[in-house]
Amino acid sequence: MNLVASNLRDGSQVGPLIADPSAGDANHTSFLRQYLRIAMRWRYVILGVIGACVLLGLVITLLTTPKYTAEATVEIARESNKVTEFQGVESEAGLADQEFYETQYGLLRSRSLSERVAVQLRLVDDPKFFALFDVSDDADPAFQLTNGRYPASGLATRRRVAGEVLLENLAIAPTQLSRLVDIRFTSPDATFSARVANAWGDNFIQTNLERKVQATSYGRNLLERQLAQLKERLDESQRQLVGYASAQRIINLPAQSNNDGKTTSERSIVADDLAALNTALSQATADRIQAEARYQQGGRAGASTEALRNVAINGLRQKRAELAAEYQRLMTQFEPEYPAAKAIQSQVDQLDSSIAREEGRVSRSVQADYGEARERERALQAKVEELKSSYLDLRRRSIQYNIYQQEVDTNRALYDGVLQRFKEIGVAGGVGVNNISIVDPADVPEDPSSPRLLVNLLISLLAGLGLGTLLALALEQIDEAIADPAEVERRLGMPLLGVVPKVDGGSPKDALLDRKSDLFDAYLAVQTNLAFTTEHGVPRSLAITSTKPSEGKSTTALALATTLARSQRRVILVDGDMRSPSVHQLGGVDHNRGLSNFLAGDDDIGSLIFSMNDLSLTAMSAGPIPPNAAELLTGNRLAILIDRLLENYDHVVIDSPPVMGLADAPLIANRVEGVIFAVESHGTRSTMVKTALARLASANVRVIGGVLTKFEASKAHHGYGYDYGYGYGKDTRADEKAAHN
């Protein structure tokens, strides 16, 4: 209540509130609370939808034919797509194994495999199989029975249909991060499901082996054709090489194996001769240099190396040395003319002559060796130069020869490689290497895989919850009635002054006369809230209006005037609805004189009012119904009337006409201090109320707040319990009064 009072005291208009109603939602209501409110309001709808879905799921589950799922597990090993150890016979697989396994999964779901299983199990000619899966087409000749058998002409059609049926009931489930694959087949017959699952795995292995045999056969035939072509190309290139070598007189020595076991390539005779002569020339040059060195070292006095190494010369020199020693010994005793000394000297001279002759002979021999070595070097050098010219000419002529030789070598290598692969395929062609194996064969299932009662009920429950929620949201969007007091501010952006319960039996006036009635308590609360709307308390002049007729605006005007009068205030109730007046009926008078008279120019207010003593207030009827009430309200007579009435009364309460379709309400509301808007609970659409409030806002009218009328707590969204305060303590007081009596 304090929050409402603070909203009213700030004097804000309703216009800005209407302009941005989402601000109120963001500030006062969270999404979770909003959805909870919707769920509580439409709880019976949601529960009804959930119950219907659960019941439907139960019925469908009980009426559904049980189905059995058999499961066989196979292992698919990764293998290389190579027929031999050589590359190129088949394309290599990608680096990722995912491509290989996805291919295998696709082969497991292939149409050819399903039709193969159907043929192997003889399902294409079995009427029970087609009846088991409700496959029948009387218009198709392939399914017309003759003596209990299908015609042979429709075999292809039945095979295709049988394969499609098997595929529709088959599931391939690879186990993650492994090479295992589960083959699951579902049918109404448990034994049949196991047969199909096992047959599927067996036929998959057989087709895998057949594809390998076909690939080997294809590779063998391809290699045979390649061998014939390569053999022809090799022979042609060899003939071309030999013919060119004969024409150009190119003679090459055959290849040989060296000590390291390596085979050298062919070489020409000219190259071998040039290599041999070049080696000989190198040796001759070395010999010439050595002989020249000996020759240059030779000198007089036998200083040459050959002379020093000569045995004869060394012997003569030894003998001379002995004679010279003997001669020197004699010279110590005798004169040179001594006969013995002269004889020794003569021998020494003879030995010197012999030594000189021998040294000369040795020197001439060294000179002869040097000349011979020099001539030999010159001859070899001339021969090498000649062979060089021949070799260069051979190199020029061998360019085309080498091209032909390379072509021969290439053709021979290709031929040898293909021949080797052909031999290996011939050996491996009859060997079947299978990379697929059965891990667990399918057993006959004992329990049906579907329908599963608990799962179906859970799905039905969730589906019902979802559908019920969607239906509740749709109904919430469609329903624009104001059902709860909180919606006055949330939807309309207007402060709530109070909630007035619906009066069952009796008139509102009778209820107001009873100070213990719920109606009186409700409007007393409204009056209390009005005391916080201005600085001076309850507005002195106020109008009560609504969107359309019969929303409780007249009752609200009468009740507020009554509560104000009972609080010892002077109050006058003015019937501003000159089109459908009602205040005169409450006072038991006619409306021959009233508001319309004053607006028309009659200033005698005393003749226009009457007293309602039972309610302790004064009232003014609407007066005679004018031709056009709006024309009377456009002048300033209404403002003059309100000012004159406020001179004698504390409060002027005007029962205003409805807003929609009329200009009277904005004209009246513009002359008073504030307007109270009556909204009928469950009776008025929120969009219409917003439109009416927008009309008032466009006329610069201050809407103080709203009063929710004819409220029934039992129809509230989730039991706000607004009615507890209206009857609080009444039963207790009644019991106490009865006890005193």
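This is a predicted model: local features need pLDDT of at least 70, side-chain atom pairs count only at pLDDT 80 or more; totals for chains, interfaces and linings use all residues.
Biologist: Which residues in H25 are buried?

Modeller: They are Ser686, Val689, Ala692, Leu693 and Leu696. Seen down the axis of H25, these buried residues fall within an arc of 125 degrees, so they line one face of the helix. The arc is taken from the directions from the helix axis to the C-beta atoms. Buried means under 20% relative accessible area, exposed means over 50%, and partly exposed lies in between, with a 1.4 Å probe and protein chains only. Helices are DSSP runs of H or I with at least four residues, strands are runs of E with at least two, and both are numbered from the N terminus.

Biologist: How do you know that the span of helix H25 agrees with 1.5 Å a residue?

Modeller: The expected span is 1.5 Å times one less than the number of residues. For the 13 residues of H25 (residues 686-698) this gives 18 Å, and the end C-alpha atoms are 18 Å apart, so the two agree.

Biologist: What makes arginine 158 and aspartate 125 a salt bridge?

Modeller: The term requires a side-chain nitrogen of Lys or Arg within 4 Å of a carboxyl oxygen of Asp or Glu. Here the N to O distance is 2.9 Å, and therefore the pair meets the rule. Arginine 158 belongs to helix H9 (residues 155-168), and aspartate 125 to the loop between helix H7 (111-120) and helix H8 (127-132), 33 residues apart.

Biologist: Why does arginine 158 count as buried?

Modeller: Its relative accessibility is 1%, so it falls under the 20% limit. Aspartate 125, at 44%, counts as partly exposed.

Biologist: What does the pair of aspartate 664 and arginine 579 form?

Modeller: They form a salt bridge, the closest N and O atoms being 2.7 Å apart. Aspartate 664 lies in helix H24 (residues 664-669) and arginine 579 in the loop between strand E9 (571-575) and helix H20 (583-587), so the pair ties together parts 85 residues apart in sequence. Aspartate 664 counts as buried because its relative accessibility is 0%, whereas arginine 579, at 39%, is partly exposed.

Conventions. Residues are numbered from 1 along each chain as its sequence is written. Side-chain values use heavy atoms; hydrogens and water are left out.
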